[in-house]
Amino acid sequence: MPPYDWPHQMAIQLAYFKLHGRFVATYETGHTRAFYHGRTDTVRTLSMQSMAFVKAMQNPSASSEEKFAALKTACEAHGAQLQRVLTGQGIDRHLLGLYICAVMRGELPPFFSDEAYKLSGGGGNYIISTSNVGYTPMMGGFAPMTPDGYGVCYAMLEGRLNVSITAWRSCEETCAERMRESLIGALVDMMELCGVASPASKL
């Protein structure tokens with residue numbers, strides 16, 4: 001699995017942490033077109049590896065080699081998670097099906113109202129919601145899933161990355177403009193890191 005295919009998702013993790021100082025559940029769209037009537041499932045971007053990368057980037061004592069190794073590990077872990085979703089091994093649509101069945105039966109298990117389930121993004125509670133519109137200059141956008149969240153729509157083009165960021169004006173904590181600046185800073189930091197730790201690599 002190429003280690004540099006998903007640096008933008010790691011940049012989003014880094015940008016949010018630099019801005020808000022915490023880790024939150026993150027949604028990325030993963031298609032299931034390989035299956036009959038397949039649509040999408042959730043690629044859960046937040047992982048132990050992505051957190052380790054962000055912590056390394058924020059650690060002034062960490063060397064460039066350590067930071068780069070953490071980035072590579074995080075991208076590889078994300079790629080593996082993406083492949084699981086694309087091959088029908090995601091969990092969110094399965095959980096949605098169980099939730100719908102429970103509602104139809106009138107018996108909702110405590111699992112679906114548990115705070116841990118909500119914090120993990122369950123029930124449409126992903127603080128960061130992301131989606132890739134493909135390798136095309138066409139752009140779009142969407143609202144955040146939660147009142148205190150962000151919507152991040154992106155398109156990867158030759159030599160550039162188009163990004164649309166949304167946040168609710170009613171939330172004093174979030175700000176699309178500040179998130180944009182934090183994301184730009186994260187991408188620049190990662191570009192400089194790759195230039196120092198692995199001169200042959202490209203973001």
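Some ground rules: residues count from 1 along each chain as its sequence is written, and side-chain values rest on heavy atoms, with hydrogens and water left out. Because the model is predicted, local features need pLDDT of at least 70 and side-chain atom pairs count only at pLDDT 80 or more, while totals for chains, interfaces and linings use all residues.

**Exercise 1. Work out which residues of helix 6 are buried, and where they sit around its axis.**

Step 1: get the span. Helix 6 covers residues 176–197; helices here are DSSP runs of H or I with at least four residues, strands are E runs of at least two, and both are numbered from the N terminus. Its 22 residues reach 31 Å from first C-alpha to last, close to the 32 Å expected at 1.5 Å a residue (the expected span is 1.5 Å times one less than the number of residues).

Step 2: list the buried positions. Buried means under 20% relative accessible area, exposed over 50%, and partly exposed in between, with a 1.4 Å probe and protein chains only. That picks out Ala176, Met179, Ser182, Leu183, Ala186, Met190, Leu193 and Cys194.

Step 3: look down the axis. The buried residues of helix 6 fall within an arc of 115°, so they line one face; the arc is taken over directions from the helix axis to the C-beta atoms. As background, an α-helix has 3.6 residues a turn, so residues three or four places apart point the same way.

Step 4: check both sides. The face turned away from the buried side carries exposed Met191 and Val196. The buried residues pack against helix 1 (7–20), helix 2 (48–57), helix 3 (64–86), strand 4 (150–157) and strand 5 (160–166), where contact means heavy atoms within 4.5 Å.

**Exercise 2. Find the largest cavity and say what lines it.**

Step 1: set the rule. On a 1 Å grid over the protein atoms alone, a cavity is a set of points where a 1.4 Å probe fits but cannot get out; a pocket is an open set with protein on both sides within 12 Å along at least five of seven lines; lining residues have an atom within 4 Å of a point. Points are joined across faces, edges and corners, and volume is the space filled by probe spheres set on them.

Step 2: count. There is one cavity of 30 Å³ or more, and the largest holds about 40 Å³.

Step 3: name the lining. It consists of His8, Ile12, Val152, Tyr154, Leu161, Val163, Leu183 and Leu187. Helix 1, strand 4, strand 5 and helix 6 each supply at least two of the lining residues.

Step 4: sort by class. Ala, Val, Leu, Ile, Met, Phe, Trp, Tyr, Cys and Pro are nonpolar, Asp, Glu, Lys and Arg charged, and the others, Gly among them, polar. The cavity scores seven nonpolar, one polar and no charged.

**Exercise 3. Describe the second largest pocket.**

Step 1: its volume is about 300 Å³. Of 18 lining residues, Leu96, Tyr117, Gly122, Gly123 and Gly124 are closest to the centre.

Step 2: strand 2 (40–44), helix 4 (92–105) and helix 5 (115–119) give two or more residues each, with the largest share, five, from helix 4.

Step 3: the class tally is eight nonpolar, six polar and four charged.

**Exercise 4. Is Gln81 buried or exposed, and what about His37?**

Step 1: Gln81, in helix 3, is buried at 15% relative accessible area. Leaving aside neighbours within four places in sequence, Gln81 touches Thr42, Val43 and Arg44.

Step 2: His37 lies in the loop between strand 1 (26–31) and strand 2. At 66% relative accessibility, His37 counts as exposed, and it has a positive phi of about 60° although it is not a glycine.
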